[in-house]
Amino acid sequence: MTRFFISIFFFSIVACASNPILYNLDALINKNITSRYMPGAVLQVAHLTKGTIYQKAYGKLGVTSTKITTLDTIYDLASISKVVTAMAIMKLHDQGVLKV
C-alpha cells in the first residue's frame, strides 16, 4: 500500500470559504482518506488579517485507531518543523530581512 503524508500547505487563498481551491483540497483529502492512503488529517486555512477562514477534521487518529479526528487533535510532527523553519529562513533571506 502506498502511503504519503500531507503536512503543511504553503499557498495563498482569497479570504473566502467558497474558494474553489478549498473545495479541491477538501476533495483531495477526502479521496485519500477514503482510499486508505492516510487515516486522518486536520486542515486549517487562515488569512493574515481575517484569521481562520476554513477548518475541518477528517478520518481517524491512526491506521489502527477507532478514535475520530477532531479539530483539537494533536499530531506528532517529528522532524517536519525543521522543513518549516528552513523555508521561513529562506523566505526572510530572499526578502532581505535576514542575512544568513
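## Arg 36

Arg 36 is exposed, with a relative accessible area of 65%. Here buried means under 20% relative accessible area, exposed means over 50%, and partly exposed lies in between (1.4 Å probe, protein chains only). Arg 36 sits in the loop between α1 (20-34) and β1 (40-47), and it takes a positive phi of about 70° just after α1. Helices (H or I, at least four residues) and strands (E, at least two) are DSSP runs, numbered from the N terminus. The C-alpha atoms of Arg 36 and Val 63 are 8.6 Å apart, although 27 residues separate the two along the chain.

The model is predicted: local features need pLDDT of at least 70, and side-chain atom pairs count only at pLDDT 80 or more, while totals for chains, interfaces and linings use all residues. Residues are numbered from 1 along each chain as its sequence is written, and side-chain values use heavy atoms, with hydrogens and water left out.

## Helix α1

The 15 residues of α1 should span 21 Å at 1.5 Å a residue, and the end C-alpha atoms of α1 are 21 Å apart, which agrees. The expected span is 1.5 Å times one less than the number of residues in the helix.

The buried residues of α1 are Leu 22, Leu 25, Asp 26, Ile 29, Asn 32 and Ile 33. Seen down the helix axis, they fall within an arc of 135°, so they line one face of α1. The arc is that of the directions from the helix axis to the C-beta atoms. The face turned away from the buried side carries the exposed residues Pro 20, Tyr 23, Asn 24, Lys 31 and Thr 34. Among what covers the buried residues of α1 are β1 and β2; contact means heavy atoms within 4.5 Å.

## Strands β1 and β2

β1 and β2 run antiparallel and are joined by eight bridges. Two strands pair if DSSP finds at least two bridges between them. The two strands form a hairpin with three residues between them. Gly 40 stands opposite Gly 59 in β2.

## Thr 73

Thr 73 lies in the loop between β2 (51-59) and α2 (80-94). Thr 73 is buried, with a relative accessible area of 18%. Not counting residues up to four places away in sequence, Thr 73 touches Val 42 and Leu 61.
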